[in-house]
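Please look through the sequence and the coordinates shown here before reading on.

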Amino acid sequence: MQAADEAVSTKDMIARRDRLLGPAYRLFYDQPVRFVRGEGVWLHDAAGHRYLDAYNNVASVGHCHPHVVQAIARQAAVLNTHTRYLHETVLDFAEKLLATFPPEIGHVMFTCTGSEANDLALRVARTCTGGTGFIVTANAYHGVTSALAELSPSLGLSLPERSHVRLVPAPSSTADAGDVFAHHVRGALADMKKSGIRPAGLLVDTIFSSDGVFADPPGFLRAAVEAVRAEGALFIADEVQPGFGRCGGRMWGFARHGLVPDLVTMGKPMGNGHPVAGMAARPELLAEFGRRSRYFNTFGGNPVSAAAGIAVLDVIESEGLMQNAQRTGDYLVKLLGQLKARYPLIAEIRGAGLFVGVELRHGGQTGTPATTEAAHVVNLLRERRVLISSAGPHGNVLKIRPPLVFGTEHADLLMDALDQALAEVNVMSEK
């Protein structure tokens, strides 16, 4: 009876949501799940069942981490205003955040979302280079503003006629990935020149999340960045998904490539669920931008957001979460390798730290994308109360990106459920 009541309640809530929020929003899973509480790596539904969260990097240091919750509540009880008044909290946050970057990155500007941060980066790049052309990967996602939707082909929108955006194929994980990716970037630059477009920047998510997760070999981005800079354009590292220790052992995804970006954008995990984001930059760029333009964001850098950001950095450091991401990520990849030996559907395992992509194909790496099977796996895991998603242009890459407090014991639970799901998919395929 309880299951029937829950189903009716979920059905009613979906109908209410559609009526109030409209059709543009999407829900996860064939059977959407309603959550009422979160703690650590666990989410709890309305019926009291708990789900292992192996997907949500927004709650990067764990759902409802007490140190972050207390910091938000404490500051909200004292003061919350904007950055046109002096207050120390945003300065403390800026100092603590900038200390995680190479010394060449010396300023930070705060926004509320990663989309806003990337939009600001586009403005800075255009202002400082005089260019209008941007290069992104073919299935990238960088945000939802009008400008960024054009730079986010994963949203499914076609480039408008005479667009100044050029798309390049995502990198591969082969030994020559750097040379191939740089070749495509140089081709995009040449096409811009032919069209009379001056380049402004190369914008990449440094783990290529939406393209299907590509992290290796380390350093493969260098040649492409050098090509872009040779044409007077900037390298913008979108760290909204790979940043804040996600890739294990390092704070930022770009560090895997031995590079110092010109601009770095951040968001999602920055406030552990509280909306805080930002753009870090080389000081000479903001000197030029500030001379020719002004920027103000009502809620960006407010004291409560800054307190949340400080608390997240405290937890990452005090709980050794970068090291945990590396340790648990290595363990996870090892277990996935064991599954790969048993399930030919697994073509490739890619990633760094606690950001892992598992590509499913029929017939190995050169076979056809197993899109339907990937969707089945995601939904079968949801039935087993384990949450992941999928990525890539064909939706055939299982996307595993849990909170940074995810441990080896949680990896074991995930692998047991994934083993069962893959076995069930095998049976379905044989029928």
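## Cores, a helix and paired strands

The largest nonpolar core has 95 residues, and those with the most contacts inside it are Leu97, Phe101, Met266 and Leu414. A nonpolar core is a set of buried Ala, Val, Leu, Ile, Met, Phe, Trp, Tyr and Cys residues joined through side-chain atoms within 4.5 Å, where buried means under 20% relative accessible area with a 1.4 Å probe and protein chains only. Helix α12 (residues 408-430) gives the most to this core, with eight residues. A second, separate core of 22 residues includes Leu120, Ala125, Leu234 and Phe289.

This is a predicted model, in which local features need pLDDT of at least 70 and side-chain atom pairs count only at pLDDT 80 or more, while totals for chains, interfaces and linings use all residues. Residues are numbered from 1 along each chain as its sequence is written, and side-chain values use heavy atoms, with hydrogens and water left out.

Helices (H or I, at least four residues) and strands (E, at least two) are DSSP runs, numbered from the N terminus. Among the buried residues of helix α4 (residues 114-129) are Gly114, Ala117, Leu120 and Ala125, and α4 is followed by Gly130, whose phi is positive, near 75°.

In strand β7 (residues 199-205), seven of the seven residues are buried. Its pairings, each requiring at least two DSSP bridges, are as follows.

| Strands | Sense | Bridges |
|---|---|---|
| β5 (residues 133-137) and β7 | parallel | three bridges |
| β7 and β8 (residues 234-238) | parallel | five bridges |

Phe134 has Gly201 of β7 as its bridge partner, whereas Asp205 stands opposite Asp238 in β8.

Conventions. Buried means under 20% relative accessible area, exposed over 50%, partly exposed in between (1.4 Å probe, protein chains only). The expected span of a helix is 1.5 Å times one less than its number of residues.
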